[in-house]
Amino acid sequence: MDNDSTERIVAGLRQWIATAAPGAQLPSNRALVAQYAASPVTVQKAMRALRGLGLVESRPGVGTFVRAVRTARPPDYAWQTAALGSPQVRIPGLSTPMRSAAPDVIGLHSGYPDRELLPQRLVRAALARAARADAALTRADAAGLPELRAWFATELAESCPVGVTPPAPRDVIVLPGSQSGLSSTFRALVGFGQPMLIESPSYWGAILAAAQAGVRLVPVPSGSSGPDPDELARAFAETGARLFYAQPNFANPTGAQWDSELTRQVLDVVRRHGAFLLEDDWARDFAIDAAASPVAALDDAGHVIYLRSLTKSVSPAIRVAGLVVRGPARERILADRGAESMYVSGLLQAAALDVVTQPAWHSHVRELRHQLRQRRDLLVSAVTEHVAAGHLDRVPRGGLHLWLRLPDSTDLDRLVRDCETDGVLVAAGAEWFPAEPAGAFLRLNYSGPDPARFAEGARVVGAALARQAG
Ligand SMILES: Cc1ncc(COP(=O)(O)O)c(C=O)c1O
């Protein structure tokens with residue numbers, strides 16, 4: 001019934017669009033509700049379908065318009081095929097979490113927290129202060145603002161036990177977000193065509209950065225408790241790899257957190273093979289039930305390189321991260337950073353430092369934990385109630401996602417498409433595997449907008465799955 005109404009509206013509007021001038025404004029949703037005697041949800045679905053067909057475009061806050069055809073003759077770029085040849089390495093396109101969602105869509109796909117979870121007041125004040133400071137007009141140091149480097153070093157030093165020499169500010173390189181730190185580390189310490197170990201599944205951005213650097217990925221299976229140290233040792237021995245990229249705390253996507261015994265075993269394997277562990281501590285500020293405990297705090301011999309991003313917790317617009325790396329490896333990475341982008345905007349560094357050194361930052365992080373716990377529990381209940389065929393191996397103790405196992409027979413592409421048609425964006429787990437996926441998974445984010453609609457989103461996923469079961 002609902003689908004019939006949607007089709008009726010789409011058909012009516014297609015006729016209208018066929019005779020309308022490019023750029024003409026469509027009647028408002030409210031007018032269409034009245035004209036077709038349909039519900040607002042049905043009208044929104046019809047609009048989504050028209051957008052999907054490329055017939056209209058929405059300008060938020062203004063309205064929906066007939067898409068203008070800008071050129072009568074399709075451009076001919078065939079000459080570029082010959083000029084470009086085939087790429088040396090094929091970099092996959094940007095992943096689902098980077099997709100922007102229309103305002104009426106339920107977004108469970110995203111990787112970045114909704115703005116209501118950000119320290120908005122602190123960020124705006126910090127940017128205003130930074131704009132008035134010297135940082136707005138000067139070139140920053142190649143390794144970063146000394147005070148920000150000191151902040152990253154001190155934060156990690158606070159976790160170092162007695163007997164471990166804490167990192168110093170000179171061991172820190174400030175980055176424009178951690179993605180560029182992944183690229184630089186892979187390029188500088190692994191190199192084109194060389195092997196690198198990576199948990200499987202693992203962060204899609206690291207898989208992309210490895211492809212860009214031409215690094216050969218060697219997957220190490222990693223479940224809800226982390227990687228198997230024996231498999232890790234075997235992979236080091238078989239491949240001669242010298243770097244293992246991992247997320248010991250609240251891994252994206254599995255949510256795994258290594259216990260102290262596993263941490264000790266992994267460190268032991270890494271040391272025995274004269275290798276590096278690149279520890280991506282992306283969710284340090286998103287601890288919920290347990291604090292993040294960085295592995296890097298246990299190493300002062302330069303085996304662990306520690307990557308700490310502020311992008312998600314301070315603001316996606318203040319893209320700043322820190323890399324703590326000791327010894328000659330630091331010089332290699334710094335040289336790569338210099339060649340890539342010379343230095344990071346001092347304005348953004350000053351703003352980031354301002355935010356994380358305000359007394360209110362700590363109360364913000366406490367409140368954030370509370371909010372994330374509520375959102376996580378809400379999504380877990382919704383999924384448990386509405387996605388009967390789904391299985392959660394673990395409720396993550398931190399981070400932003402659930403990693404939901406589905407029956408092996410699931411057609412994931414179809415599931416994702418069906419959910420999108422019904423107004424829910426989800427991310428297929430295949431994007432988190434460096435090789436063939438070990439099963440069918442969905443990654444569901446609980447930090448997006450409008451948690452009140454989580455249940456509705458889970459219901460759509462459950463119904464789409466049930467349709468596949470027949
Ligand atoms: C594991 C992991 N590392 C790094 C990042 C990205 O950090 P940044 O935005 O600072 O590049 C993400 C973002 O999703 C992530 O999940």
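User: What order do the eight strands of the open sheet take?
Analyst: The order is β4-β11-β10-β9-β8-β5-β6-β7, with mixed pairing. Strands here are DSSP runs of E, at least two residues, and helices are runs of H or I, at least four, numbered from the N terminus. Two strands pair if DSSP finds at least two bridges between them.

User: Experimental or predicted model?
Analyst: This is a predicted model: local features need pLDDT of at least 70, side-chain atom pairs count only at pLDDT 80 or more, and totals for chains, interfaces and linings use all residues. Residues are numbered from 1 along each chain as its sequence is written.

User: Which helix packs on it?
Analyst: α9 (residues 229-239), touching β5 (195-200), β6 (216-223), β7 and β8 (243-246). Contact means C-beta atoms, placed from the backbone, within 7 Å. The direction of α9 makes about 165 degrees with that of β6. Axes are lines fitted to C-alpha atoms, for helices over the stretch in contact; angles run from 0 to 180 degrees between N-to-C directions.

User: Switching to the other sheet. What's the strand order with four strands?
Analyst: β12-β13-β16-β15, open and antiparallel. β12 (391-392) and β15 (427-428) are at the edges with a single partner strand each, so one side of each has no neighbour in the sheet.

User: What stands opposite His391?
Analyst: Arg405 in β13. β12 and β13 (residues 401-406) pair over two bridges, in the antiparallel sense.

User: Which helix lies across β12 and β13?
Analyst: α13 (residues 359-386), which also lies across β16 (440-445) and runs at about 15 degrees to β13.

User: How is the chain split into domains?
Analyst: Domain 1 is 2-66, domain 2 is 96-118 + 362-469, and domain 3 is 138-358. The bounds come from an automatic or database domain assignment.

User: How many residues are in contact between domain 2 and domain 3?
Analyst: 25 residues of domain 2 contact 27 of domain 3. On the domain 2 side, α13 and β13 are the elements giving two or more residues. The largest share, six residues, comes from α13.

User: And how far apart are the centres of domain 2 and domain 3?
Analyst: 26 Å, taken over C-alpha atoms.

How values were computed
Two residues are in contact if their C-beta atoms, placed from the backbone, lie within 7 Å.
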